[in-house]
Number of protein chains: 2
Amino acid sequence: MDGFSPPMEAPRQPIGDKPPRVETHDQSRLLTLMRDEGPMSRVELGERLGLPRARLAAEVNRLAELGLVESGGPAASRGGRRSTLVGLSSSLRLLAVDIGATSVGVAVTDPYCEVLEHLVEECEVRSGPVAVLDRAVALSTLALAKVPGRLLAAGIGLPGPVSFREGMPVAPPIMPGWDRFPVRDRLASQWGCPVTVDNDVNAMALGERHAGVARSLDDLIFVKVGTGIGCGILLGGRVYRGVAGTAGDIGHIRLDDFGPACACGESGCLEAYFGGAALARDALTLARSGRSEFLAESLSRHGELSARDVALATGAGDFAAVNLVREGGRRLGQVVASLVSFINPGMVVIGGGVARLGHQLLAEVRSSVYRRSMPLATGNLPIVLSELGDLAGVIGAAWTASERAFAVTT
Amino acid sequence: MDGFSPPMEAPRQPIGDKPPRVETHDQSRLLTLMRDEGPMSRVELGERLGLPRARLAAEVNRLAELGLVESGGPAASRGGRRSTLVGLSSSLRLLAVDIGATSVGVAVTDPYCEVLEHLVEECEVRSGPVAVLDRAVALSTLALAKVPGRLLAAGIGLPGPVSFREGMPVAPPIMPGWDRFPVRDRLASQWGCPVTVDNDVNAMALGERHAGVARSLDDLIFVKVGTGIGCGILLGGRVYRGVAGTAGDIGHIRLDDFGPACACGESGCLEAYFGGAALARDALTLARSGRSEFLAESLSRHGELSARDVALATGAGDFAAVNLVREGGRRLGQVVASLVSFINPGMVVIGGGVARLGHQLLAEVRSSVYRRSMPLATGNLPIVLSELGDLAGVIGAAWTASERAFAVTT
């Protein structure tokens with residue numbers, strides 16, 4: 001029952017009726033297999049899961065009754081009679097919400113976590129949970145109206161530490177007013193479906209594993225460099241959260257006791273050197289001191305500077321901006337090198353807004369890691385940019401929601 | 001069959017006959033439960049594992065036939081008829097070998113991994129696998145003769161990266177001649193029992209979890225500071241090894257590209273600042289430059305200096321030695337702080353030879369970690385010294401051997 005509360009007041013599930021409950025472990029395995037590998041013939045489903053024919057038929061029929069699966073086109077011939085494919089019902093929908101420091105993104109996906117509709121708006125997470133979640137709900141209603149269907153479950157990503165079990169943020173440094181706000185229960189009662197709440201980088205890591213650059217990898221770290229810096233850790237194909245749920249919180253690793261002030265109240269954190277806000281701050285210094293003509297011009301045009309301006313300046317070959325990225329990438333690389341030596345992952349994925357700095361940043365991180373970690377740990381280690389970009393978070397949140405929807409509930 | 005090879009030449013199993021094979025999953029669960037929690041009444045065993053009475057009786061009787069369990073004393077009364085305890089057969093033996101950079105330790109334990117006999121000799125790992133393993137075998141024969149019994153399995157800890165699956169070291173930096181030497185298969189054929197081979201710090205971490213300061217904790221890191229520096233990672237109660245088996249290899253994290261030369265061939269590694277060899281090197285400088293009277297005296301007495309002399313000097317309040325430990329502890333703490341932010345463990349245990357520097361070192365590491373990691377990650381985080389000391393490695397190796405011995409083999 002975790003994550004699912006019956007509607008309590010003015011229940012307004014946008015589309016369809018109450019989501020169906022998965023009844024058996026085998027039903028759960030069938031749904032998960034189809035989500036991850038697409039429609040299959042009954043024969044193939046039975047073989048892959050080691051299910052006897054009669055049992056398989058009963059479970060597939062039950063899933064069809066529940067409206068969770070449907071027949072698709074004909075399967076590729078294997079010599080005998082042509083069989084039909086069984087796939088997840090095309091009318092099923094997953095809802096994914098990606099709350100960033102300065103934006104809200106909402107996606108509606110099909111049951112394979114393929115994005116059907118994606119809306120993004122600017123929105124300050126600092127305006128508090130009620131305002132931000134209301135915006136998210138309004139956006140979701142819009143998005144669901146465009147691609148109507150039967151809502152199975154919803155997944156939310158938040159830019160701070162989260163108690164996954166309780167479905168709420170816990171002491172998030174950049175989210176005033178959100179501490180222990182019951183995000184899951186509030187949204188579950190509004191949407192009338194199960195809701196999962198996770199940290200945004202965990203969602204991004206899962207997204208890249210389901211549909212992006214890390215497909216089929218079980219052990220990887222996803223490093224997000226945006227307004228904040230964080231890291232999602234997948235071990236054995238599952239999110240590793242740590243004992244207090246803060247695993248991956250690398251943005252506030254202190255590099256220097258006497259470093260620049262950080263939004264968390266401390267100083268010298270990695271984020272205070274290379275987060276989005278730090279980049280904007282340093283860009284401003286470069287513009288005002290006349291060390292970067294490009295940034296000075298951007299400043300006089302827009303009245304302010306952001307990490308995006310640094311990216312543009314870097315692209316234009318501005319020397320001071322390139323140096324800024326190099327310096328930041330070196331610091332980030334130093335931290336990532338320690339993590340690589342420590343956890344020996346199968347891949348490092350770099351994403352988030354500042355990752356738009358792209359190959360310059362990547363080169364710097366790579367050079368740090370390859371120079372500073374054990375050869376055995378880096379020998380077969382790809383360090384790559386996120387493939388899904390802005391979609392990583394919503395695809396991962398949809399995936400987590402589908403895990404919840406496809407689990408047996410009693 | 002992994003880890004078990006039939007004797008190939010001159011099989012000399014020291015005591016007893018071929019170890020019995022565990023036949024069912026329930027037998028395996030029974031043995032593991034008794035190992036971890038001691039003898040129990042049949043009623044309690046059945047309750048704990050959810051086994052119906054008839055099935056339990058059959059499995060316990062079969063284990064008794066195999067010589068794996070025996071009746072112990074009477075159980076504490078629960079009101080009814082007094083029942084007898086069932087425990088692991090007291091004649092069973094596990095063998096544990098802890099190979100360090102400069103020593104070989106051998107322990108014989110009972111089936112609960114309690115050490116019955118422990119022998120340690122000086123031995124240079126650099127003298128190569130044949131010489132070192134022959135010494136280990138000779139010591140084992142001595143030790144087994146003192147506490148004879150039926151040998152179930154043996155576990156080996158090596159001071160370098162190990163392929164657990166293949167039972168051999170892989171590219172170990174301080175072990176010339178050991179690369180891919182078939183340690184497991186060689187010893188299994190000599191002893192005629194299953195053998196497991198693991199990294200020494202993984203063994204130490206498991207030892208502290210089974211019988212030391214980390215009892216009942218599932219997520220912890222064990223940091224060993226000895227001749228080398230390494231780290232064992234337990235997540236969810238299991239050793240986390242990484243994709244290439246190098247997880248935890250923090251000794252060669254590079255702190256400074258232009259730092260002191262390291263035994264691995266690189267420079268600026270953590271180990272080059274604070275491993276046993278680095279401490280001896282710095283102690284020599286302090287002695288010769290006249291900055292430490294205590295160390296100068298030790299040097300003139302013994303002709304050389306080691307980490308142990310630094311510990312003595314620190315204990316005597318020698319200012320220069322205390323500073324050395326502070327400086328090293330600060331560097332170690334810096335690395336541990338990153339790991340704590342990253343993995344959010346439930347405990348950090350510090351052990352190994354240099355850990356004899358004790359509370360001075362501990363204070364320095366604690367202050368670094370508590371200052372540099374997120375409050376949420378450090379709020380309930382104990383950072384403690386190893387409780388088992390020299391025995392951590394052998395107890396952990398015995399535990400891993402028992403896992404192998406108590407697993408179902410077909």
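Visitor: Which way do α4(A) and α5(A) cross, left-handed or right-handed?
Guide: The crossing of α4(A) and α5(A) is right-handed in this predicted model. The two helices, residues 129-146 and residues 183-191 of chain A, pack at about 35 degrees, with their axes 12 Å apart.

Visitor: What makes the contact between them?
Guide: From α4(A) come Val130(A), Leu133(A), Asp134(A), Val137(A) and Ser140(A), while α5(A) brings Val183(A), Arg186(A), Leu187(A), Gln190(A) and Trp191(A). Sort those residues and you get six nonpolar, two polar and two charged.

Visitor: Okay, on to rings. Why is the pair of Phe342(A) and Phe342(B) called edge-to-face?
Guide: Check the centres, then the planes. The centres of Phe342(A) and Phe342(B) are 6.4 Å apart, and the cut-off for a pair is within 6.5 Å, so they pair. Their planes are 70 degrees apart; over 60 counts as edge-to-face, so that's the name. A search of the whole structure finds one aromatic pair over all chains.

Visitor: How do you know that the pair joins two chains?
Guide: Phe342(A) sits in helix α11 of chain A and Phe342(B) in helix α11 of chain B, so the pair joins two chains.

Visitor: Why is Phe342(B) called buried?
Guide: Buried means under 20% relative accessible area, and Phe342(B) has 0%, so it qualifies. Phe342(A) also has 0%, so Phe342(A) is buried too.

Visitor: What does Phe342(B) touch in chain A?
Guide: Its contacts include Ile221(A), Cys231(A), Leu339(A) and Phe342(A). Phe342(A) and Phe342(B) are also among the residues that touch the most other members of the largest nonpolar core, which has 97 residues.

Note on methods:
Residues are numbered from 1 along each chain as its sequence is written. Chains are lettered from A and ligands numbered from 1 in the order in which they are written. This is a predicted model: local features need pLDDT of at least 70, side-chain atom pairs count only at pLDDT 80 or more; totals for chains, interfaces and linings use all residues. Side-chain values use heavy atoms; hydrogens and water are left out. Axes are lines fitted to C-alpha atoms, for helices over the stretch in contact, and angles run from 0 to 180 degrees between N-to-C directions. Helices (H or I, at least four residues) and strands (E, at least two) are DSSP runs, numbered from the N terminus. A crossing is left-handed if the near helix is turned anticlockwise from the far one by less than a right angle, and right-handed if clockwise. Contact means heavy atoms within 4.5 Å. Ala, Val, Leu, Ile, Met, Phe, Trp, Tyr, Cys and Pro count as nonpolar, Asp, Glu, Lys and Arg as charged, and the others, Gly among them, as polar. A nonpolar core is a set of buried Ala, Val, Leu, Ile, Met, Phe, Trp, Tyr and Cys residues joined through side-chain atoms within 4.5 Å. Buried means under 20% relative accessible area, exposed over 50%, partly exposed in between (1.4 Å probe, protein chains only). Rings of Phe, Tyr and Trp (its six-membered ring) pair if their centres lie within 6.5 Å; planes under 30 degrees apart count as stacked, over 60 as edge-to-face and the rest as tilted. Lists of a residue's contacts leave out its neighbours within four places in sequence.
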